[in-house]
Amino acid sequence: MEAVVADLVAVGADCVILGCAEVGMLLNPQNVPVRVCDTVELHCRAAIEAAMTDTGETNV
């Protein structure tokens with residue numbers, strides 16, 4: 001997987017979108033030379049934000 005990312009970066013990729021939950025176990029900011037967008041993390045953050053907004057809770 002790291003070799004695939006290296007190939008993509010070599011042709012101009014400036015970020016990597018991890019579109020599958022399992023890919024985040026293989027690729028991360030420590031072994032990828034460009035920005036990593038992990039969709040699992042993004043969805044979790046959005047869910048927490050929605051829960052805090054909908055309920056007014058600040059300690060979620």
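Predicted model: local features only at pLDDT ≥ 70, side-chain atom pairs only at ≥ 80, totals over all residues.
Colleague: What does the protein average in pLDDT?

Modeller: The average is 88, and 88% of the residues score at least 70; pLDDT is the predictor's confidence in each residue, from 0 to 100. Helix 1 has the highest confidence, at a mean of 95, and helix 2 the lowest, at 85.

Colleague: What pattern does the protein follow along the sequence?

Modeller: The pattern is α-β-β-α, from two helices and two strands. Both are DSSP runs numbered from the N terminus: helices are H or I with at least four residues, strands E with at least two.

Colleague: Why is cysteine 37 called buried?

Modeller: Its relative accessibility is 13%. Buried means under 20%, exposed over 50%, and partly exposed in between (1.4 Å probe, protein chains only), so cysteine 37 counts as buried at that value. Of the 60 residues of the protein, 18% are in this class. Cysteine 37 belongs to strand 2 (residues 35–38).

Colleague: Why is isoleucine 17 called exposed?

Modeller: Isoleucine 17 has a relative accessible area of 59%, which is why it is classed as exposed. This residue is part of strand 1 (residues 15–18).

Colleague: What does isoleucine 17 touch, not counting residues up to four places away in sequence?

Modeller: Isoleucine 17 touches Cys37 and Thr39, where contact means heavy atoms within 4.5 Å. From C-alpha to C-alpha, cysteine 37 and isoleucine 17 are 4.7 Å apart in space, though 20 residues apart in sequence. Cysteine 37 also touches Val16, Leu18 and Leu42, under the same exclusion of residues up to four places away.

Colleague: Which residues make up the largest nonpolar core?

Modeller: Eight residues do: Val5, Val16, Leu18, Val23, Leu27, Val32, Val34 and Val36. The term covers buried Ala, Val, Leu, Ile, Met, Phe, Trp, Tyr and Cys joined through side-chain atoms within 4.5 Å. Valine 16 has contacts with Val5, Val32, Val34 and Val36, among others. In soluble globular proteins, nonpolar side chains tend to be buried together.

Colleague: What makes the meeting of glutamate 41 and arginine 45 a salt bridge?

Modeller: The N to O distance between their side chains is 2.8 Å. The rule asks for a side-chain nitrogen of Lys or Arg within 4 Å of a carboxyl oxygen of Asp or Glu, so the pair qualifies. By this rule the count is one salt bridge. Both residues lie in helix 2 (residues 39–55), four residues apart, about one turn of the helix.

Colleague: Why is glutamate 41 called partly exposed?

Modeller: Glutamate 41 has a relative accessible area of 39%, so it is partly exposed. Arginine 45, at 55%, counts as exposed.

Terms used. Residues numbered from 1 in each chain as written. Heavy atoms only, no water.
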